Amino acid sequence: QTSQPVAVSSINAVIIDEAGDHQALMVDRDFDSTWRNIGRIVDSKYFIVQDRERDHGVYFVQYLDPFLIAKQSDPSMLGKLAFWRDEMDTSPEMFLYIKLATDADETKVIILDIDQVRTSSPSAKRLLRLIQEELPRSAAAVEVMQP
């Protein structure tokens, strides 16, 4: 058997502004497709996946935001010796929930902080932009691999 070329359809993902300075990502795909594609994204170098709950549409991740890492790097001797401190205690802003909510053929993606409260932090906004940029690549990779 030979593989037939598969037409690659682009994903339309748009960041929208909402009340309270919050942003959301509207994806023109159903929940299953969006869940799979975001799953590929969070399995990349930018994240450490802490938990996934498909039934609730939630990924709990440590987002390795380069801007935040550079800002928080502690070159001091005391900082190096503080190995006993839990990373969630010292850098809670790096731990975020990616929440998917579906409405028929569209899926809305929002970001929650470590306390599961919607956030509009700079890291949350960068995370939404990263997902927006990576979604078409993730979907294209899958479609090309199908026989």
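Guide: Let us begin with a definition: buried means under 20% relative accessible area, exposed over 50%, and partly exposed in between (1.4 Å probe, protein chains only). This is a predicted model, where local features need pLDDT of at least 70 and side-chain atom pairs count only at pLDDT 80 or more, while totals for chains, interfaces and linings use all residues. Residues are numbered from 1 along each chain as its sequence is written, and side-chain values use heavy atoms, with hydrogens and water left out.

Visitor: Why does Lys-108 count as partly exposed?
Guide: Its relative accessibility is 28%, and partly exposed is the class between the two cut-offs.

Visitor: What makes Arg-29 count as buried?
Guide: Arg-29 has 18% relative accessibility, so it counts as buried.

Visitor: Why do you call them partners?
Guide: The side chains of Asp-28 and Arg-29 meet in a salt bridge, 3.1 Å from N to O. The term asks for a side-chain nitrogen of Lys or Arg within 4 Å of a carboxyl oxygen of Asp or Glu. The whole structure holds eight salt bridges.

Visitor: What does the salt bridge of Glu-18 and Lys-108 tie together?
Guide: These side chains meet at 2.6 Å, N to O. Glu-18 lies in the loop between strands E1 (13–17) and E2 (23–27), and Lys-108 in strand E6 (residues 106–112), so the pair ties together parts that are 90 residues apart in sequence. Strands (E, at least two residues) and helices (H or I, at least four) are DSSP runs, numbered from the N terminus. Glu-18 and Lys-108 also belong to a network of salt bridges with Arg-118.

Visitor: How do you know that H1 is largely enclosed by the rest of the structure?
Guide: Nine of its 12 residues are buried, so the helix is largely enclosed. Among them are Phe-31, Trp-35 and Ile-38.

Visitor: What span is expected for H1?
Guide: The rule is 1.5 Å times one less than the number of residues. For H1 (residues 31–42) that gives 16 Å, and the helix reaches 16 Å from its first C-alpha to its last, close to expectation.

Visitor: How confident is the predictor, by pLDDT?
Guide: pLDDT is its confidence in each residue, from 0 to 100. The protein averages 82, and 76% of the residues score at least 70. Over residues 1–8, however, the pLDDT is below 50.

How values were computed
Contact = heavy atoms within 4.5 Å.
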